[in-house]
Amino acid sequence: NSVDKNNKIYAFGDSQLLGIDWDTSYYEKHDLSKIYKKSDISIFAAPNNGPFQSINFTNYILMNSNTKIKHIVYTLNYGNDIFRLQKKWNLKNFVPLESDDLSKIMSNPSLYDLILLKGLLSGKFFSTNLPDNNKIFEQFKKLKFENLFFRLNLWLQEIEKIKSKINANIDIIIYPPYWAFGLKKKNKKLVLKKYRAFKCKISESQVFQNIYIGISMKKPIKFTDDKRHFS
């Protein structure tokens with residue numbers, strides 16, 4: 001179907017938003033195209049982008065683009081973003097390249113292969129291991145949820161600031177924690193209870209015009225090969 005160039009959407013998030021098992025030859029439409037039928041969609045996402053990185057990217061585009069932005073979509077990948085919301089979380093610990101390195105990589109692509117190999121061997125930036133859901137759950141239990149909701153409110157306040165600058169519709173898509181579905185029933189129930197409370201906080205804020213909740217339509221739930229993303 002043809003898209004409406006006047007109905008442009010700017011979407012921000014992490015690798016779940018990108019759809020790492022999706023490409024233009026795939027028989028299914030991208031998730032965003034299913035929601036926003038004939039809209040022209042630009043996705044600004046990277047594997048380790050957190051909520052505050054999305055805000056920074058939005059402000060960067062607002063400052064450097066002549067396009068009048070009328071519609072923004074943010075995504076929150078609960079399974080990862082509850083950790084990325086923390087003040088001590090540092091994006092640089094998960095990114096193997098500095099911006100200044102990009103020109104060198106473009107002129108000598110073999111350097112990128114070496115960086116990837118180094119990252120895999122050290123396990124710092126990349127891993128071929130499947131996620132350990134129980135270890136993630138142990139980290140989850142150590143989170144102080146009062147602090148998490150405080151950080152969430154700071155993020156929502158930043159979105160309110162963006163709304164005050166531009167006249168745009170702002171939506172959000174929330175993905176459930178991928179690692180919860182591999183836990184024992186009791187632990188899974190605890191995680192999903194906290195997840196519901198998180199969604200309620202976002203809804204009560206009344207910041208977003210529309211809130212979409214990601215649910216897998218297939219049973220059992222289908223994951224990508226890395227077991228870190230919903231298919």
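Analyst: A residue is called buried when its relative accessible area is under 20%, exposed when the value is over 50%, and partly exposed in between (1.4 Å probe, protein chains only). This is a predicted model, in which local features need pLDDT of at least 70, side-chain atom pairs count only at pLDDT 80 or more, and totals for chains, interfaces and linings use all residues.

User: Then why is T75 called buried?

Analyst: T75 has a relative accessible area of 5%, and the limit for buried is under 20%. T75 therefore counts as buried. You can find T75 in strand β3, residues 71-77.

User: Which residues is T75 in contact with, apart from its neighbours within four places in sequence?

Analyst: Contact means heavy atoms within 4.5 Å. With those neighbours set aside, T75 touches F12, G13, D14, L17, D81, I173 and Y175. Two of these partners come back in a network of salt bridges: D14 and D81 are linked there with R84.

User: Are D40 and K8 buried or partly exposed?

Analyst: One of each! D40 is buried because its relative accessible area is 15%, whereas K8, at 22%, is partly exposed.

User: How many salt bridges are there by this rule?

Analyst: The count comes to 5. Among them is the bridge between E138 and K141, with the closest N and O atoms 3.4 Å apart. Another joins E158 to K161, where that distance is 3.1 Å.

User: Why are E138 and K141 separated by about one helical turn?

Analyst: E138 and K141 are 3 residues apart in helix α7 (residues 133-141), which means about one helical turn between them. E158 and K161 are likewise 3 residues apart, this time in helix α8 (residues 145-165), so about one turn separates them too.

User: How do you know what is a helix and what is a strand, and how many of each does the chain have?

Analyst: Both are DSSP runs numbered from the N terminus: helices are H or I with at least four residues, and strands are E with at least two. By that rule the protein chain has 9 helices and 5 strands. Read from the N terminus, the order is β-α-α-β-α-β-α-α-α-α-α-β-α-β.

User: Which residues make the nonpolar surface patch?

Analyst: I211, I213 and I215 make it, with an area of about 260 Å². Patches take residues with over 30% relative accessible area and no salt bridge, joining nonpolar side chains (Val, Leu, Ile, Met, Phe, Trp, Tyr) within 5 Å and like charges within 9 Å. I213, in strand β5 (residues 210-213), has 37% relative accessibility and so counts as partly exposed.

User: Which residues gather in the patch of positive charge?

Analyst: K185, K189, K193, K194 and R196 do, on the surface. Lys and Arg count as positive and Asp and Glu as negative, with His and the chain ends not counted. K194 belongs to helix α9 (residues 185-205), and its 31% makes K194 partly exposed.

User: Why is Q206 called exposed?

Analyst: Q206 has a relative accessible area of 66%, and the limit is over 50%, so Q206 is exposed. Q206 sits in the loop between α9 and β5. Its phi is near 55 degrees, a positive value in a residue other than glycine.

User: What label does K227 get?

Analyst: K227 is partly exposed because its relative accessibility is 40%. K227 lies in the segment after β5 and has a positive phi of about 65 degrees, although it is not a glycine.

Conventions: Residues are numbered from 1 along each chain as its sequence is written. Side-chain values use heavy atoms; hydrogens and water are left out. Accessible areas come from the Shrake-Rupley method with a 1.4 Å probe; for residues, only the protein chains shown count as cover. A salt bridge is a side-chain nitrogen of Lys or Arg within 4 Å of a carboxyl oxygen of Asp or Glu. The place of a charge is taken as NZ of Lys, CZ of Arg, CG of Asp or CD of Glu.
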